[in-house]
Amino acid sequence: MRTMMRWGQIASIGALAVALALTGCGSEGGGGGGGDSDASSASDGGNDGSSSSDSSSDSSSDSSSDSSSDSGSDSGGGQAGAGSSYETAVTADWKGEHKFDLAKRGSKAFVTFEGKKGQFVALLAFADEGDEHQFVDTVLTLHDADHKQLAMNDDPFPKFGQDSALFTYLPADGTYYVVVRDCWTWQDEGGSVQCGLPHDKPVPGVTVRVRGEDSKPPTFISDAPSQGGGPAEVSYAQTDNGFDIDFLYGKAEQAGEVDTFVTKLPAGVAQPPLRRGALVFFGQKTGSFGNGAPGPIGTVSVADATAPDVVLGKLAMQPGDLFYVPVDADKSYHIKVTQPAGSVAGFYTLAHGLDRTNAVEQDDAANDSAATAEAFPDSFEGQLVLSVDAELGKAGDKDHFKATLDASYEYTASITCWAGSLGSGVQGLHVELLDQDGKAIAGSATDEGTEPGKTGALQRENITIPKGATAAILQVSAKGQASDNAGSYYRCKLALE
């Protein structure tokens, strides 16, 4: 069974593994449903920052044979009557909802409304409850009066379900249409997606909601207060599963424009001294197969509210990016969205939530050498996947983390680390494995690029640790620090087999 997404409580964010890549419709092997029951609570330390390998995803879900107009039949395929075509579209109730039956492959639901240029709208389509693959896997598109596609959503990012949620600003005064169909119908229209069988759904019900500024839920936070000179306040509603995801959005009409939000982490997010809290941001897709924004998202940065000019982390965000900043509970932080100097997005939308770090470095002062390496925090003897969040606290700093090995075994190891790609100011991250005597293990050294951000994960696989080794010591250093980003954090995972 699954639980429907609800306005006001879209989902609760938990482990970072929920999403580091855009995901598409459910595959035949993927799990069904979305919403709160699929969302994880604040992490218990199992996060590793790696990409989620959800078998139901398809990163090419934004492709279609026709990007300019609805390529499907206006007749609504297997559905007839009110709301089955552009001509019979149901007029939106801005504070109510509309129910449709999309049992047959090819059937679609149509809702229409009149909008104004620059008006914010939030659109949601969610399926009735049912066993996995038995309910409709929705795909939602927004069209203008000429039926040209302006925006689209298959699954939300981060992916907490298969229901569709689209948040956008309207480009002009006029008539608009919301079109909802099942994944299989979208595939028939040219969408490159994977869909779960059966083609026709035993649980066919779909609910469509249209909301504006005056009827949006509290988890949708506008930049409007920032435009008036004061920061927009971000708060977090706690649920049984953790804390709700917020959606930050705003207009971006001038090059270099800066929107400011302010937040204070709830005390329950962090677990000091073992784990810190973290602010997490997810870059939404733009263009006609995303939220409809014509330009880039902008640079997102975080700073302590008491020292707003000292950036603790920042990332020039692209669709599908994850920006992650370790922070402390019970402190206030500024979140800024800055538009590029040469171009503007028109508007932006960001999914934002709270997380916990992996277990953090416990003794930075003492772990500067292999001889004084600290054990991977919160680990146990024989553990094969070990993770740590740490900081390179000073120039020339080297961190060392030790995993105890059975000398009678030959191990195969892999290393994955993140710094600049998550928004840290660390440049040129360097990682290698040492044995118990501090000698480098062949084939283990690897480097991240020297440019801040966009360098991706540092990764080295198939490292052979020969028999006789009693320890594998992860040594981490960096070439430098960005001058405009004081964030010195990184996270690493060592996997042994």
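Modeller: A residue is called buried under 20% relative accessible area, exposed over 50%, and partly exposed in between (1.4 Å probe, protein chains only). The model is predicted: local features need pLDDT of at least 70, side-chain atom pairs count only at pLDDT 80 or more, and totals for chains, interfaces and linings use all residues. Residues are numbered from 1 along each chain as its sequence is written, and side-chain values use heavy atoms, with hydrogens and water left out.

Colleague: What percentage of the residues in the protein is buried?

Modeller: The protein has 497 residues. The buried share of the residues is 56%.

Colleague: How many helices and how many strands does the protein have?

Modeller: Both are DSSP runs numbered from the N terminus: helices are H or I with at least four residues, strands are E with at least two. On that basis, the protein has two helices and 31 strands.

Colleague: Among contacts between residues at least 6 apart in sequence, what percentage joins residues at least 24 apart?

Modeller: A contact means heavy atoms within 4.5 Å. Among contacts in the protein between residues at least 6 apart in sequence, the share that joins residues at least 24 apart is 80%.

Colleague: How many residues does the largest nonpolar core have?

Modeller: A nonpolar core is a set of buried Ala, Val, Leu, Ile, Met, Phe, Trp, Tyr and Cys residues joined through side-chain atoms within 4.5 Å. In the largest one, the residues with the most contacts inside the core include Phe261, Phe281, Val302 and Met317. Leaving aside neighbours within four places in sequence, Met317 touches residues including Phe281, Ile297, Val300, Phe323 and Leu350. The size of this largest core is 51 residues.

Colleague: How many residues has the other core, which lies apart from it?

Modeller: Among the members of this other core are Cys417, Ala419, Leu433 and Ile463. Its size is 29 residues.

Colleague: Which residue forms a disulfide with Cys417?

Modeller: A disulfide is a pair of cysteine sulfur atoms within 2.5 Å, and here the two sulfur atoms are 2.0 Å apart. The pair links distant parts of the chain, 75 residues apart, with Cys417 in strand β26 (residues 411-418) and its partner in strand β31 (residues 489-496). Both cysteines are buried. The partner is Cys492.

Colleague: Is the disulfide of Cys417 and Cys492 left-handed or right-handed?

Modeller: The torsion about its S-S bond is about 115°, so this disulfide is right-handed.

Colleague: Is the disulfide of Cys183 and Cys195 left-handed or right-handed?

Modeller: The sulfur atoms of Cys183 and Cys195 are 2.1 Å apart. Cys183 lies in helix α1 (residues 183-188) and Cys195 in the loop between α1 and β10 (205-211), so the pair ties together parts that are 12 residues apart in sequence. Both cysteines are buried. The torsion about the S-S bond is about -75°, so the disulfide is left-handed.

Colleague: How many of the residues of strand β15 are buried?

Modeller: Strand β15 (residues 246-252) is joined by three bridges to β11 (residues 220-222), running parallel. Seven bridges join β15 to β22 (residues 346-356), running antiparallel. Strand β15 is mostly covered: of its seven residues, the number buried is six.

Terms used:
Pairing = 2+ DSSP bridges.
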